Amino acid sequence: MTLAALSAGLLVLGTGIGSAGFEGMLAPLLDPAADPAQAAMARQIVWEIRLPRTLGAWLAGALLGLAGALAQGLFRNPLADPYLLGSAAGASLGVALALAAMGGAAGMLGGSMRSAATVGLSSSDIWVRLGFTGAAFAGAVLAVVLTLALARGVQHTLRLLLAGVIVGVVLGALSSLVLLFSPDSLQAMQAFMLGSTGFVGWSACALMAGAWLLTASAAWLLARALDGLALGEATARSLGLALGPLRAALVAALALATGTAVAQTGLIAFVGLAAPHLVRAAFSLPHRRLVLLASLMGGVLLTAADLLARALIAPQELPVGILTAVLGGGYLLWLMHRRGGHLGTGGLH
């Protein structure tokens, strides 16, 4: 209830923060005596820009929080995170390839910057978004498979993390190589790499909401497998769980959540790592409830970070990906310090 109330409060607050800082946009909408022209302008700003952007930030955070909880349960590793496992870099490579194939900045600007588009985005925006999401999903799956192959399984925490870092670096380099051969994509991809919710429109919100419903349902149904894995593989098998197919389904859900969020908002680090940890710090829960609460927490974290990014240096705007990287990196260092740097034990709960 607290997370839901925080989410609602942040959504309302998000309609009031613009380039000039906080602006009371709801007052002209709710006041029947307000100037009609002022009310129409306020309605346009709230409905077409701020509300989809704020809701999109919440949805992207919810997807990343859910992906983080799935990754940590699946790999039995409290440091597993879409960013650290390389899946976000894989999704980024997929988007870079899609941008290059579409000939530049068209797709990324589909939400609120249609004037800059070079193809007919207003008629095919949802299809462009779907194309990016599909490319990001394929890239995320590729990255997770590569990480698992390089780490030779999930048993060794440090090896898994190193493999994720290596895969992330290599796929990031490949993304840069794609941009080198497709300079028209450079501007859009640069904004994408910094992470921003400024591109999110209603079509992106619809895609993320659909992906969230799908992945949250899958997580709910597969939570018993995560509970079994938490007790060890032998115990999980003794419970009659078919680990191979269940792992494949979990990887697909993880990749879909990561790919959808990355395709709409760019690279946003550490939300998937911090959200499950914050929930675990307050409650000891089975995975069925943990995954959903981590998703709500992720939504709250990214929405709060987005509002902070908009307000900190107004009228300029800080890319929210930079803010989450700074804050999340500090959080990760604090976790390491608290446990004395014993990452190999996987005991950062």
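Ser87 has a relative accessibility of 1% in this predicted model, and since anything under 20% counts as buried, Ser87 is a buried residue. You will find Ser87 in helix α4, which covers residues 87–102. Setting aside neighbours within four places in sequence, the contacts of Ser87 are Pro82, Ala140, Ala143, Val144 and Thr258. Keep Thr258 in mind, as this residue of α10 comes back in one of the helix pairs below.

Stepping back for a moment, the protein is built from 13 helices and two strands. Of its 349 residues, 52% are buried. If you take the contacts between residues at least 6 apart in sequence, 75% of them link residues that are at least 24 apart.

Now follow α4 to one of its partners. Helix α7, residues 186–194, packs against α4 with the axes 11 Å apart and an angle of about 165°. Because an angle over 145 degrees counts as roughly antiparallel, α4 and α7 are roughly antiparallel. Their crossing is right-handed. On the α4 side the contact uses Ser92, Val95, Ala96 and Leu99, and α7 brings Ala188, Met189, Phe192 and Met193. Sorted by class, this contact of α4 with α7 holds seven nonpolar residues, one polar residue and no charged ones.

Apart from neighbours within four places in sequence, Val291 is in contact with Leu66, Ala69, Leu70, Ala219 and Leu226.

Helix α3 deserves a visit of its own. Gly65 lies in this helix, and with a relative accessible area of 0%, Gly65 is buried. Leaving out residues up to four places away in sequence, Gly65 touches Gly272, Ala275, Pro276, Ala294, Ser295 and Gly298. Gly65 and Val300 are separated by 235 residues in sequence, yet their C-alpha atoms are 9.7 Å apart in space.

How does α3 sit against α10? Their axes come within 9 Å and cross at roughly 150°, which makes the two helices roughly antiparallel. The crossing is left-handed. From α3, the residues involved are Ala60, Leu63, Leu64, Leu66, Ala67, Leu70, Ala71 and Leu74, and they meet Arg247, Leu250, Val251, Ala253, Leu254, Ala257, Thr258, Thr260, Ala261 and Thr265 of α10. The residues of this contact divide into 14 nonpolar, three polar and one charged.

Helix α10 also packs with α8. Here the axes come within 9 Å and cross at roughly 150°, so α8 is roughly antiparallel to α10. This crossing is left-handed. Among the α8 residues in the contact are Ala204, Leu207, Met208, Leu222 and Leu226, while those from α10 include Leu243, Leu246, Arg247, Leu250 and Gln264. By class, the contact of α8 with α10 comprises 17 nonpolar, three polar and one charged residues.

One last stop takes us to a loop. Gly153 is placed between α5 and α6. Is Gly153 buried or partly exposed? Its relative accessible area is 22%, so Gly153 is partly exposed. Not counting residues up to four places away in sequence, Gly153 touches Leu148 and Leu160.

How values were computed: Residues numbered from 1 in each chain as written. Predicted model: local features only at pLDDT ≥ 70, side-chain atom pairs only at ≥ 80, totals over all residues. Heavy atoms only, no water. Contact = heavy atoms within 4.5 Å. Axes fitted to C-alpha atoms, helices over the stretch in contact; angles between N-to-C directions. Helix = DSSP H or I, 4+ residues; strand = E, 2+ residues; numbered from the N terminus. Parallel < 35°, antiparallel > 145°, perpendicular 65-115°, else oblique. Left-handed = near helix turned anticlockwise from the far one by under 90°. Nonpolar A, V, L, I, M, F, W, Y, C, P; charged D, E, K, R; others polar. Buried < 20%, exposed > 50% of the residue type's maximum accessible area, 1.4 Å probe, protein only.
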